[in-house]
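Student: I would like to learn how to read a structure, feature by feature. Where should we start?

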Amino acid sequence: MYAKISFSGEQQAVIEEILQGRLDDASCDVWGCEAAMNLRKAIKDFGIQSQDYTCCYCREITHSNSHKVWEVEHVLPLSDFAQFAFEPLNLAISCPDCNTAKSNKKVSNTKAKKNVPTQSAIYFIVHPHLDNYDEHIKKSGLFFYPKSKKGRKTIETCGLLRLAEKYVDWESLEEVERIEAEAKALQGNSGDQAKIKGLISDLLSLL
């Protein structure tokens, strides 16, 4: 779980002004307006440092402070939850690839309007601030193994299989599919952890 940003009193006043503008005019772009420019920078600066240059979804590390290689991630999509555009619990930092893959996909059934949901169970994917990533996803090299339904949904939603696919020897694709099928069949069977680790090792040897 990552730390949440805390806004200063001055920043909070700007946020309230922006959100009030949204209430007065539903077409108001709360995220793209000029008043939000410094807030977006502050969110990125904080996230890059607090997450130690690590994407909240793929856990890849990029040692760069350039805002061009980082995206502000809204867990609940900005397109559907503009009211939570500046809610600390709804903000994290992700790489552009995860951000693009996730896009505005549905990650919760919540109908919340005033308060961002704080219960982990509300979300279909691993939440950067509410969940322990390692309880849901095992990352070994470029391979992501789901340890829960939430982990599997995160892998699908954020397109995490793309990392391994870049380096797969496609002549070995049938072997990769066999290994993944065996791993899936063993999922949830705690008595076969040694075999699962062996399958992961076999898969990594093909990448």
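**Cysteines, a helix and a hairpin**

Tutor: With the cysteines: the structure holds 0 disulfides, a disulfide being a pair of cysteine sulfur atoms within 2.5 Å. This is a predicted model, in which local features need pLDDT of at least 70 and side-chain atom pairs count only at pLDDT 80 or more, while totals for chains, interfaces and linings use all residues. Residues are numbered from 1 along each chain as its sequence is written, and side-chain values use heavy atoms, leaving out hydrogens and water.

Student: How far is the sulfur of Cys-58 from the nearest cysteine sulfur?

Tutor: In general, a disulfide is a covalent bond between the sulfur atoms of two cysteines. Here the nearest cysteine sulfur to Cys-58 belongs to Cys-55, 3.7 Å away, and Cys-58 is in no disulfide. For Cys-95, the closest cysteine sulfur is in Cys-98, and at 3.7 Å it is too far for a bond.

Student: Is Cys-58 buried or exposed?

Tutor: Buried means under 20% relative accessible area, exposed over 50%, and partly exposed in between, with a 1.4 Å probe and protein chains only. Cys-58 has 1% relative accessibility and therefore counts as buried. Cys-95, at 12%, counts as buried too. Over the chain, buried residues make up 42% of the 207 residues.

Student: How many helices and strands are there in the chain?

Tutor: Helices (DSSP runs of H or I, at least four residues) and strands (runs of E, at least two) are numbered from the N terminus. The chain has 8 helices and 4 strands, in the order α-α-β-β-α-α-β-β-α-α-α-α.

Student: What should helix α2 span, given its 14 residues?

Tutor: The expected span is 1.5 Å times one less than the number of residues. For α2, residues 37–50, that gives 20 Å, and the end C-alpha atoms are 20 Å apart, which agrees.

Student: Which residues of α2 are buried?

Tutor: They are Leu-39, Ile-43, Lys-44, Gly-47 and Ile-48. They lie on the same side of α2, because they cover an arc of only 160° around the axis; the arc is taken from the directions from the helix axis to the C-beta atoms. Their cover includes α1 (9–24), β1 (71–74) and β2 (91–94), where contact means heavy atoms within 4.5 Å.

Student: How do strands β3 and β4 run, parallel or antiparallel?

Tutor: Two strands pair if DSSP finds at least two bridges between them. Strands β3 (residues 137–140) and β4 (residues 143–146) run antiparallel, joined by 4 bridges. Lys-138 has Tyr-145 in β4 as its bridge partner. The hairpin has 2 residues between the strands, and Gly-141 takes a positive phi near 65° there.
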